[in-house]
Amino acid sequence: MDKKKLTKVKRAIFRQFPEFKGVEPKIIEKEIVPKTSVYRKLTLGTPPRKRKIVRMKFTKMVTTADRTELERILLVTLDEHYEIIKITESR
Amino acid sequence: MRMLIVSSKQDLQSETGCEQEIARAVRQYIAEHKDIATKFIYYDIPSKYSPKRVQKNARSIRDFISKIEEKWGTIDFLLLLGGDRIVPFFRLENPCDDGDMKVLSDNPYASRDEDFLIPERACARIPDNKDAGFIIAQLKKKHKVYRRSFGISTKTWKEASKAVYRFVGNTRSLKTSPPVEHTEFKKSWLRNKDYLYFNLHGAKESEYWYGQDGNQYPRALGPDAVDRAAGFVAAECCYGAYIVRKSDQTALALKFLAEKDIQGFSGSTTIAYGPVKPPSGEADLLTRYLFQYLKQGLTTGESFRNAKQDFARKMLRQQGFLDEDDQKTLLQFVLYGDPTVKFTAGSKKMRMSA
């Protein structure tokens with residue numbers, strides 16, 4: 001994994017989501033193999049070739065106004081060039 | 001069109017104490033809805049579909065449903081009558097690395113093959129809330145069309161929520177929390193509506209849903225604010241549809257369903273995901289499609305099934321794969337209520353017609 005590029009992404013995430021500043025993300029590189037059965041079921045034709053992605057997971061416990069604990073999760077998906085594909089938050 | 005209603009005689013009795021009353025209400029429901037060929041079958045009573053009583057586990061009940069379909073024909077609508085202790089949820093492997101050990105799901109009941117991500121049947125569940133009257137009321141619900149909606153979002157997700165809510169309401173009327181807090185939540189906001197939309201935080205052990213602005217998480221809605229609410233509820237909150245060992249006092253999903261004019265509830269059994277801003281993804285996109293199909297006049301069950309199919313198609317076309325949170329979204333969202341209810345283009349809301 002390219003640590004320099006990942007640090008750049010982390011900085012961008014902390015700027016956009018200051019509440020996660022300082023949280024060290026769990027980083028996983030994954031090879032995605034499209035499921036042929038899902039493509040068939042949805043009549044979507046031939047699945048594309050497998051591809052690599054990188055997932056960054058930032059986790060933080062927060063406390064609500066009534067002291068209920070919530071697990072806040074921020075997921076960042078990067079393509080093989082470390083470009084952000086999507087950012088998702090737990091609801 | 002065929003609908004199968006499945007339950008357990010023994011557990012319906014032990015959970016509600018009034019199995020016979022419920023069975024009578026189901027028979028009456030079937031008699032009043034002749035446009036759909038409907039069978040009501042207890043999986044724990046020997047029948048022509050199974051000479052032995054079927055064990056109370058999700059896999060065996062699913063196999064039993066498949067057997068009925070083989071003999072009877074395609075099941076379009078599937079209604080699971082009762083909560084987790086009567087017709088258990090499937091406990092599926094969690095595709096996401098988060099706090100949920102398993103994902104509680106009804107998707108395998110809706111799927112004809114082993115690929116549980118994509119539902120084929122219009123499947124819904126009527127929970128029991130340990131009360132026969134609660135179940136019977138779901139089968140007798142009738143309501144007017146108001147042409148009005150209500151929506152509330154965390155302040156943080158306001159723009160993302162607008163992209164969903166615009167399909168059923170005026171985005172200028174979308175409320176956010178903060179500033180809205182549970183103590184100022186007006187009961188009247190939930191009355192005389194067709195669609196109720198909630199994009200808030202939820203927690204497994206709390207009966208409240210929460211807003212957010214930065215590190216502030218105020219209570220936004222609690223069961224006490226739900227009084228004479230009307231419409232179809234779409235909740236994106238984490239654990240919004242989590243009802244195991246809960247009641248209408250401890251789960252907003254059950255509190256909403258206990259209302260006479262609430263026609264259905266879509267929500268997540270576990271930690272749900274969504275984007276921070278548009279374009280819509282995960283729970284936001286699923287809910288957006290659900291609203292679009294409901295507005296087109298499809299039944300709640302068909303709308304929910306189609307929304308999941310369209311969500312998967314969209315993500316596959318866009319990304320070329322379904323990542324972990326997409327997969328979890330497909331599995332975790334469940335539909336509560338009668339799946340044959342539909343909002344027609346005309347002035348009256350009606351049930352399914354052939």
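## Chain B as a whole

In this predicted model, buried residues, meaning those under 20% relative accessible area with a 1.4 Å probe and protein chains only, make up 66% of the 354 residues in chain B. Chain B has 10 helices and 18 strands, both taken as DSSP runs (H or I of at least four residues for helices, E of at least two for strands) numbered from the N terminus. Its radius of gyration, taken over C-alpha atoms, is 19 Å, close to the 20 Å of the globule rule (2.2 Å times the number of residues to the power 0.38) for 354 residues, so chain B is as compact as a globular protein of that length.

Among contacts in chain B (heavy atoms within 4.5 Å) with a separation of 6 or more, 73% are between residues 24 or more positions apart.

## The largest pocket

The largest pocket holds about 310 Å³ of space, where a pocket is an open set of points on a 1 Å grid where a 1.4 Å probe fits, with protein on both sides within 12 Å along at least five of seven lines, and lining residues have an atom within 4 Å of a point. A:Ile85, A:Lys86, A:Ile87, B:Pro275 and B:Pro279 are the closest to its centre of the 18 lining residues. The elements giving two or more residues to this lining are β4 (84-90) of chain A and α9 (300-319) of chain B, and β4(A) supplies the largest share, five residues.

## Basis of the values

Residues are numbered from 1 along each chain as its sequence is written, and chains are lettered from A and ligands numbered from 1 in the order written. Local features need pLDDT of at least 70 and side-chain atom pairs count only at pLDDT 80 or more, while totals for chains, interfaces and linings use all residues, and side-chain values use heavy atoms, without hydrogens and water.

Key:
Grid points are joined across faces, edges and corners, and a volume is the space filled by probe spheres set on the points. Buried means under 20% relative accessible area, exposed over 50%, partly exposed in between (1.4 Å probe, protein chains only).
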